[in-house]
Each structure stands twice: as structure tokens, then as C-alpha cells.
Amino acid sequence: MSESLTYPEVFDSGPTLALIRGAQAALLLLGRRYLGEPDRAAVVALEAITDLDRLDRLSEGLARVTSWQELLATP
């Protein structure tokens with residue numbers, strides 16, 4: 001696994017980045033299940049969110065939205 005391109009990024013940059021990437025990955029996984037496949041703009045927007053509190057709010061709001069755009073509009 002240490003030869004992976006993402007391994008150094010996640011684990012060498014500290015626990016905060018690992019938590020951010022994990023939260024983003026979980027949102028993509030669950031979002032795909034409930035909202036369908038995101039378009040490229042939604043993926044880019046989600047990957048740009050680095051505030052863990054906002055990522056938590058997005059996770060909590062997933063059950064209340066009907067589209068990726070609506071989810072990503074969560075402040």
C-alpha cells in the first residue's frame with residue numbers, strides 16, 4: 001500500500017487530512033447510493049471542501065436532499 005499515490009498524501013500530511021479525505025469518500029459513497037452518480041463539478045466541489053464541520057453537516061443533510069447540488073449548497 002505504501003507504493004500508492006494517495007498513501008503519502010493522506011498519511012504523511014497528518015490526521016486532519018486523513019479525516020477530511022475519509023469524510024469526502026464516505027459522502028461520495030453514500031451520495032451515490034441515495035442521489036445517484038455525481039457529475040464532475042459535484043465531485044470537484046466536494047473534494048474542495050476541507051472544513052470537517054461542513055463535511056459533517058453535509059453528512060447529516062444527506063437524508064434531507066434530493067440532488068448533489070442541493071447537498072453541496074449546505075453551508
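This is a predicted model: local features need pLDDT of at least 70, side-chain atom pairs count only at pLDDT 80 or more; totals for chains, interfaces and linings use all residues.
Visitor: Which residues does Val43 touch, not counting those up to four places away in sequence?
Guide: Val43 touches Leu28 and Pro38. Touching, or contact, just means heavy atoms within 4.5 Å. Residues are numbered from 1 along each chain as its sequence is written, and side-chain values use heavy atoms, with hydrogens and water left out.

Visitor: Why is Val43 called buried?
Guide: Here's the rule: buried means under 20% relative accessible area, exposed means over 50%, and partly exposed is in between, using a 1.4 Å probe and protein chains only. Val43 has 11%, so it counts as buried. Leu46 gets the label too, with a relative accessible area of 1%.

Visitor: What makes Ala25 partly exposed?
Guide: Its relative accessibility is 45%, so it lands in the partly exposed range. Across the chain, buried residues make up 31% of the 75 residues.

Visitor: How many helices and strands does the chain have?
Guide: Five helices and zero strands, giving the pattern α-α-α-α-α along the sequence. Both kinds of element are DSSP runs numbered from the N terminus: helices are H or I with at least four residues, strands are E with at least two.

Visitor: Why are α2 and α3 called roughly antiparallel?
Guide: It comes down to their axes, which are lines fitted to C-alpha atoms (for helices, over the stretch in contact), with angles running from 0 to 180 degrees between N-to-C directions. Helix α2 (residues 15-35) and helix α3 (residues 40-48) pack at about 150°, their axes 9 Å apart. That makes the pair roughly antiparallel, because the term covers angles over 145 degrees, while under 35 is roughly parallel, 65 to 115 roughly perpendicular and the rest oblique.

Visitor: Which residues of α2 and α3 meet?
Guide: From α2 come Arg21, Gln24, Leu27 and Leu28, and from α3 come Val43, Leu46, Glu47 and Ala48. By class, the contact has five nonpolar, one polar and two charged residues. In this sorting, Ala, Val, Leu, Ile, Met, Phe, Trp, Tyr, Cys and Pro are nonpolar, Asp, Glu, Lys and Arg are charged, and the others, Gly among them, are polar.

Visitor: What makes α2 and α4 roughly parallel?
Guide: They pack at an angle of about 20°, with axes 10 Å apart. An angle of that kind is why they count as roughly parallel. The contact brings together Leu19, Ile20, Ala23, Gln24 and Leu27 of α2 and Leu52, Leu55, Leu58 and Ser59 of α4. These residues divide into seven nonpolar, two polar and no charged.

Visitor: Is the crossing of α2 and α4 left-handed or right-handed?
Guide: Left-handed, whereas α2 passes α3 in a right-handed crossing. A crossing is left-handed if the near helix is turned anticlockwise from the far one by less than a right angle, and right-handed if clockwise.

Visitor: Which residues touch the most other members of the largest nonpolar core?
Guide: Of its 16 residues, those are Leu35, Leu46, Ile49, Leu55, Leu58, Trp68 and Leu71. At least two residues come from each of α2, α3, α4 (52-61) and α5 (68-72), and α2 gives the most, with five. As for the name, a nonpolar core is a set of buried Ala, Val, Leu, Ile, Met, Phe, Trp, Tyr and Cys residues joined through side-chain atoms within 4.5 Å. In soluble globular proteins, nonpolar side chains tend to be buried together.

Visitor: What is Leu46 touching, not counting residues up to four places away in sequence?
Guide: Leu46 touches Gln24, Leu27, Leu28, Leu55, Leu58 and Leu72. Leaving aside its own neighbours within four places, Leu55 is in contact with Ile20, Ala23, Gln24, Leu27, Leu46 and Ile49.
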